[in-house]
Amino acid sequence: MEDHQLPRELCQLFADGGRGRRLPAGLPPGDVVWPDPGYTRQGEAARPAFWMSDEPAAGEDWARLRSWHPHSGLWPVLLDESAQPWAIGQIVPDDPRQIDHFTAEGFMTEVWQEWVSQMPPDALEELEPYGALCPGPAPPGVLKAEPEAVADWLAGELAAKAMPLGLVAASRSADALAVMGWQGALHHNDWMVPMAAVVRSWEDRFGARVVSVGFNTLDLSVAGPPVDPEHALHVAAEHWAFCPDNVVQGPGDLQSYAEQIMGVHAWSFWWD
């Protein structure tokens, strides 16, 4: 297949106009999505936040565009519209360079301290064996497969939900959350940039990749999940700090949640 320069609508996603970036022919019909100034209260945006296909995408579409990410600079995401359509622009894009100022450890410690200070003493049982003491980030997992291959697999699984495809001008999958202005965890943390820093850390430690986002959901592929109970419990503590609803409104405590994620190559998060 011959190489082609980016279509004009995709060039709009880059500050430099997409100079030197390439993508093969065959992009499905779609259009760029602009932030709604009435929602962001930041005036008119300088550029659109992302591109979105008109029709649902197949897993093969996601994988093909993911494979071209090194050349295009565009990370694909499946866009769950079951709660709210993306095209209305309720997004708040951020500069991904701001992610550099945050760490997974800092975010986890701050959330742990804040939530524990508001919890009744008997509620700390759900955080056993850590209780009020934040354990910090877990050790890295051991990759069981190439992270991109696991991401392609998960995209194929999720594509059965018939979701449109998004393309985001991001150098890595975690940064796509900030660039596209995803607001899915707004009820937990009012700024998504620190949460993108956590996902960056999971990319590095567990081979995680952002595959799908929804109004209040996030799906990650995981190439190196925890495979023993102690490690899974430590990772469960990170997930609680990142998305308490996964634990509190799920199995109810870290021990039970850890059993659910042990050896699993997909992490799904949902915020109430």
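This is a predicted model: local features need pLDDT of at least 70, side-chain atom pairs count only at pLDDT 80 or more; totals for chains, interfaces and linings use all residues.
How many cavities of 30 Å³ or more does the count come to? The count comes to one.

**The cavity**

The largest cavity has a volume of about 40 Å³. Its lining consists of A104, F107, M108, V198, E238, A241 and F242. Two elements each give two or more residues to this lining: helix 5 (104–118) and helix 9 (229–242). By class, the lining residues of the largest cavity are six nonpolar, no polar and one charged. E238 is among the lining residues, and Glu counts as charged.

**Helix 5 against helix 9**

How do the axes of helix 5 and helix 9 cross, and within what distance do they come? They come within 9 Å and cross at roughly 70°. Helix 5 is therefore roughly perpendicular to helix 9, because angles of 65 to 115 degrees count as such.

On the helix 5 side, the contact is made by F107, M108, V111, W112 and W115. On the helix 9 side, the partners are A237, E238, W240, A241 and F242. These contact residues divide into nine nonpolar, no polar and one charged.

**The pockets**

Next come the open spaces.

| Pocket | Volume | Lining residues | Nearest the centre |
|---|---|---|---|
| Largest pocket | about 590 Å³ | 24 residues | L13, R47, D94, P96 and V179 |
| Second largest pocket | about 280 Å³ | 19 residues | Y39, Q84, Q183, G184 and F215 |

Which classes make up the lining of the largest pocket? The residues there are 13 nonpolar, five polar and six charged. R47 and D94 are among those nearest its centre, and Arg and Asp count as charged.

The lining of the second largest pocket divides into nine nonpolar, eight polar and two charged. Q84, Q183 and G184 are among the residues closest to its centre.

**The annotated region**

UniProt, in an unreviewed entry, places the feature "domain: DUF4253" at residues 165–272. Over residues 165–272 the chain is 44% helix and 20% strand. The end C-alpha atoms of that stretch are 24 Å apart.

Definitions and conventions: Residues are numbered from 1 along each chain as its sequence is written. Side-chain values use heavy atoms; hydrogens and water are left out. UniProt positions are given in the numbering used here, feature names are shortened, and annotations may be inferred rather than shown by experiment. Helices (H or I, at least four residues) and strands (E, at least two) are DSSP runs, numbered from the N terminus. On a 1 Å grid over the protein atoms alone, a cavity is a set of points where a 1.4 Å probe fits but cannot get out, and a pocket is an open set with protein on both sides within 12 Å along at least five of seven lines; lining residues have an atom within 4 Å of a point. Grid points are joined across faces, edges and corners, and a volume is the space filled by probe spheres set on the points. Axes are lines fitted to C-alpha atoms, for helices over the stretch in contact, and angles run from 0 to 180 degrees between N-to-C directions. Angles under 35 degrees count as roughly parallel, over 145 as roughly antiparallel, 65 to 115 as roughly perpendicular and the rest as oblique. Contact means heavy atoms within 4.5 Å.
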